[in-house]
Amino acid sequence: MEQQIEKAIDFKKYLKRTDILDFDNPSITSLIRDRGWKKMTEIDKVKSIYNYVKDDVKFGYNIADNISASEVLKDGFGQCNTKANLFMALLKAVGIPNRMHGFTIHKALQKGAITGIWYKLSPTNILHSWVEVYVNEEWFNLEGLILDKPYLTGLQEKFSDCKTTFCGYGAYTNNFQRPQVDWNQNHTYIQEKGINQDFGLFDTPDDFYKLHQQKLSPFKRWIYQNYVRHLMNKNVERIRRTVSNNG
């Protein structure tokens with residue numbers, strides 16, 4: 001009995017609402033209701049929400065890492081950190097415990113999405129995270145939701161000669177043509193080969209960003225938010241559009 005109570009207490013911290021995980025926002029509650037996620041089994045909740053964040057929320061660069069889940073949903077796009085914010089909020093709202101694992105990745109992973117002088121001026125280490133989800137009494141690392149399917153397919157077509165390791169355009173994997181990005185009670189990854197620093201586990205993204213922020217000067221941050229990220233999103237959309245045109 002004591003062990004059961006202790007377990008319940010432990011998992012409360014993985015279900016709480018925060019400023020970033022604002023799952024009581026009307027846009028999020030409406031989405032959950034429309035998708036029927038609360039009525040699903042535990043496995044189906046995770047799979048359906050994972051696929052939604054992976055493919056319905058496009059890969060792209062938001063104004064900051066620590067924006068709220070509802071802001072990511074409003075943008076309709078996100079990268080590793082911002083998709084994690086939305087994914088965590090949606091899971092918590094339907095009772096699935098989860099936590100954040102924080103890292104940095106080498107900037108080479110972003111080459112192609114960011115080019116020229118802006119790539120040279122970008123920081124060597126880029127803040128990164130994935131979500132760890134507790135289901136069936138096991139923690140799963142779910143990083144593979146970063147790139148939406150049309151974008152990843154466009155990359156694979158553009159670099160069709162690459163069958164093994166690929167680094168760039170938001171991906172770093174040893175199995176480029178068949179990366180493990182689909183979830184069937186397994187770990188999923190698309191950028192993990194670029195990790196160069198491990199910050200450990202955090203109950204919420206709010207806790208993570210209190211301690212770690214992307215290292216940019218105020219001027220570089222302004223340039224990124226108002227100019228560079230828009231160029232990056234255009235580069236990403238150009239890759240994605242090739243799939244639509246070919247289809």
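Student: Where does E137 lie, and what is its phi?
Tutor: E137 lies in the loop between β4 and β5. The residue is not a glycine, yet its phi is positive, at about 60 degrees.

Student: And N136, what is its relative accessible area?
Tutor: N136 is found in the loop between β4 (125–135) and β5 (138–142). Its phi is positive too, near 55 degrees, in a residue other than glycine. N136 counts as partly exposed, with a relative accessible area of 45%.

Student: Which residues does S122 touch, not counting those up to four places away in sequence?
Tutor: S122 sits in the loop between α6 (116–121) and β4, and counts as buried at 17% relative accessibility. Contact here means heavy atoms within 4.5 Å. On that basis, S122 touches K107 and I114.

Student: How many residues apart in sequence are K47 and W183, and how many Å apart in space?
Tutor: K47 belongs to helix α3 (residues 42–56) and is partly exposed, at 33% relative accessibility. Leaving aside neighbours within four places in sequence, K47 is in contact with W183 and N184. From K47 to W183 the separation is 136 residues in sequence and, C-alpha to C-alpha, 6.4 Å.

Student: Which residues is Y224 in contact with, leaving aside its neighbours within four places in sequence?
Tutor: Y224 is placed in helix α9 (residues 218–246). Its C-alpha atom is separated by 15 Å from that of N125, 99 residues apart along the chain. The contacts of Y224 are Y61, N62, I63, R229 and M232.

Student: Zooming out, how many helices and strands does the protein have, and what is its radius of gyration?
Tutor: Helices (H or I, at least four residues) and strands (E, at least two) are DSSP runs, numbered from the N terminus. The count comes to nine helices and eight strands. The globule rule, 2.2 Å times the number of residues to the power 0.38, is compared with a radius taken over C-alpha atoms. For 247 residues the rule gives 18 Å, so the protein is as compact as a globular protein of that length, with a radius of gyration of 18 Å.

Student: What share of the contacts with a separation of 6 or more comes from residues 24 or more positions apart?
Tutor: For context, 50% of the 247 residues count as buried. Among the contacts in question, residues 24 or more positions apart account for 68%.

Student: Which residues have a pLDDT below 50?
Tutor: pLDDT is the predictor's confidence in each residue, from 0 to 100. The protein averages 93, and 94% of the residues score at least 70. Where pLDDT is low, the predicted coordinates should not be read in detail. The stretch below 50, with zero contacts in the model beyond near neighbours in sequence, is residues 1–6.

Technical notes:
Residues are numbered from 1 along each chain as its sequence is written. This is a predicted model: local features need pLDDT of at least 70, side-chain atom pairs count only at pLDDT 80 or more; totals for chains, interfaces and linings use all residues. Side-chain values use heavy atoms; hydrogens and water are left out. Buried means under 20% relative accessible area, exposed over 50%, partly exposed in between (1.4 Å probe, protein chains only).
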